[in-house]
Amino acid sequence: MLRRAAVLRSKQWSGPLASKTTAAGATRGVVDDYSAARALKRAVGDRRGGDRRTFILKALLNCMAEYEALGARLGKRTFGVAMGECANQGLGQLCDKLFAMMKAKGLAPDVATYNMLLKAHRVDGNYASVCFYWGLLNSTPPLRPDQVSHIEYIKASLRHQVPRATLYGMVDAAMVHFSTPKAKLALYTLILPGLPMKGALALHRGVLAEGLRPDLVYYTALLTVAAKAPGDEAFAEDVMRAVHSTAGVIPDLTYYNAVLQVYQTTLNLPKCVAVLKLIDKAGMEPNVTTFNRVITTCAHCADGDAQHPAIDFAALTFRTAMQRGFGAYATLHYSMLELYHSIGDAQGVKQTASQARGMGHGIAVTKALRKMTGIAAVQDPELPYERTHSADRAA
C-alpha cells in the first residue's frame, strides 16, 4: 500500500496506469543505496523496447522517490543505474535532471557520470550539450577524460560533421589514452566512417606504417567508406582480398552487408547476387539489412523501368525474406512500396500495402504512401499511376 500510494502521489506519473509502472516487489528489501540500485535495475530490466523507454521516462523518478520514502539514502550506485539507462535511451533532459539531483544531494560526480551524460546527449543528437559537459569535465579537477569520454565526444563530433582538422585534433588529444596497438586500432576504426575516401586512404597507410594489424571491424569500416557515393569497387575489392588473405580474420555477416552496401552504391546487382551466394556458402543466415540492401539495389538498377529483370529478383528476395520470418520489419515493405511506386505498378503497391497492414504495419504504410504520392490525408489512397504493371510479385 505504501508503494502504491507513493506512486499515486507523484506529480510525474499519476492516474489509473500508475500501479503498472513499477515491477512487482521492486521495493522489497530496499534499505540502502546498494539495494536501491539493484531494485531499480530489476524494475527497468523487466521491460523491453518502447515499454522500457516509456517506463524510464515516466516512472524512473517515482521509483527513486519510493526508495527514499522507505528510508534508503540514495547514492552514486542508484544514480549510476538511473543515468546509465537514460544514456542508453538517449534521454538527455532526464539525465540532466538526475545530474542536478546528484549535486543537490552533495554527491560529487565522477568521470563515469560525465560519460553517461555525454552518451545521453550524443544519442539524443544534442551536440551543444555534449560540448557543454565535455568542457565541464575538463574544467573539474582532478577529473580528466578517459577512453570512454574521448570515444563519446568523437562519436558525437562525427555525427555533427565537424571539420576534419578539428577531428584530427580530437584524435591527437585522445592518443594519450590509446597507447596500446589494439586501442589505437579501435580509435582509428571509430573515425574511419566519418572520413572521405582520400582521408581514409591516408589513415589506412598510416595504420600499416605503424605496424598495426587490422582486424575485421577495421576492414568493415573501410568498406563503409568505399560505399560512399559514387562508390569505389576497386578499393573495396582490395579490402576484400586483404580480409581473405589475413590469418585469423574470418568474415561475418556484418562484413558481407558492408560489401553489399558498396555494390548497392555502384548499382552492381550481379556482384550482389555473388555476395548472397558467399553468405549461403559460409552457412550464414541473411538478416533484414542483407535483404533490404538487395531490394534497394534492384530498385535503383530498374530506375523506373517496369520490364527490368531486377524487378523480379527484388520480388523473389522479398518473398524469401517473408518466408524466413522477416515480415515484422516494416523497412522491407517500405522498400518494395518504393520500388513498385517508382515503376508505376499500382497492383504491386496495393498488394504489398495490404500484406504490410496484415502484419501490423498499417501506420507505417499510410505514412509511406502519403510521402511517396504527396497525398496529405487519406486512409487508402488511390495512387495516381499512369500505367499498371500487374503481377503478384509481392504475394
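In helix α12 of this predicted model, the buried residues are Leu216, Tyr218, Tyr219, Thr220, Ala221, Leu222, Leu223, Val225 and Ala226. These make up nine of the 11 residues of the helix, which spans residues 216–226, so α12 is largely enclosed by the rest of the structure. The cover over its buried residues includes α10 (181–191) and α11 (197–209), together with α13 (233–245) and α14 (253–265).

The structure holds eight aromatic pairs. In one of them, the ring centres of tyrosine 218 and tyrosine 219 lie 6.1 Å apart with their planes at 70°; because an angle over 60 degrees counts as edge-to-face, the pair is assigned to that class. Tyrosine 218 has a relative accessibility of 0% and therefore counts as buried. Tyrosine 219, at 8%, also counts as buried, the cut-off being under 20%.

A further aromatic pair is formed by phenylalanine 326 and tyrosine 329, with 5.9 Å from centre to centre and 40° between the planes, and this pair is tilted. Its two members fall into separate accessibility classes: phenylalanine 326 is buried, with a relative accessible area of 13%, whereas tyrosine 329 is partly exposed, at 40%. Elsewhere, Phe99, Tyr114, Phe132 and Tyr133 form one aromatic cluster.

The largest nonpolar core comprises 121 residues, and the members that touch the most others are Leu60, Tyr67, Leu98 and Leu332. Leucine 98 illustrates such contacts: when residues up to four places away in sequence are left out, it touches Leu60, Leu61, Met64, Phe79, Ala82, Met83 and Cys86. Leu60, one of these partners of leucine 98, is itself among the core members with the most contacts to other members.

The account ends with the largest pocket, which has a volume of about 280 Å³. Its lining consists of 15 residues, and those nearest its centre are Leu276, Pro286, Phe291, Thr320 and Arg324. Three helices, α15 (269–281), α16 (288–302) and α17 (309–323), each supply at least two residues of this lining. By class, eight of the lining residues are nonpolar, three are polar and four are charged.

Key. Residues numbered from 1 in each chain as written. Predicted model: local features only at pLDDT ≥ 70, side-chain atom pairs only at ≥ 80, totals over all residues. Heavy atoms only, no water. Core = buried A, V, L, I, M, F, W, Y, C linked by side-chain atoms within 4.5 Å. Buried < 20%, exposed > 50% of the residue type's maximum accessible area, 1.4 Å probe, protein only. Contact = heavy atoms within 4.5 Å. 1 Å grid on protein atoms, 1.4 Å probe; cavity = no way out; pocket = protein on both sides within 12 Å on 5 of 7 lines; lining within 4 Å. Points joined across faces, edges and corners; volume = space filled by probe spheres on them. Helix = DSSP H or I, 4+ residues; strand = E, 2+ residues; numbered from the N terminus. Nonpolar A, V, L, I, M, F, W, Y, C, P; charged D, E, K, R; others polar. Phe/Tyr/Trp six-rings, centres within 6.5 Å; stacked < 30°, edge-to-face > 60°.
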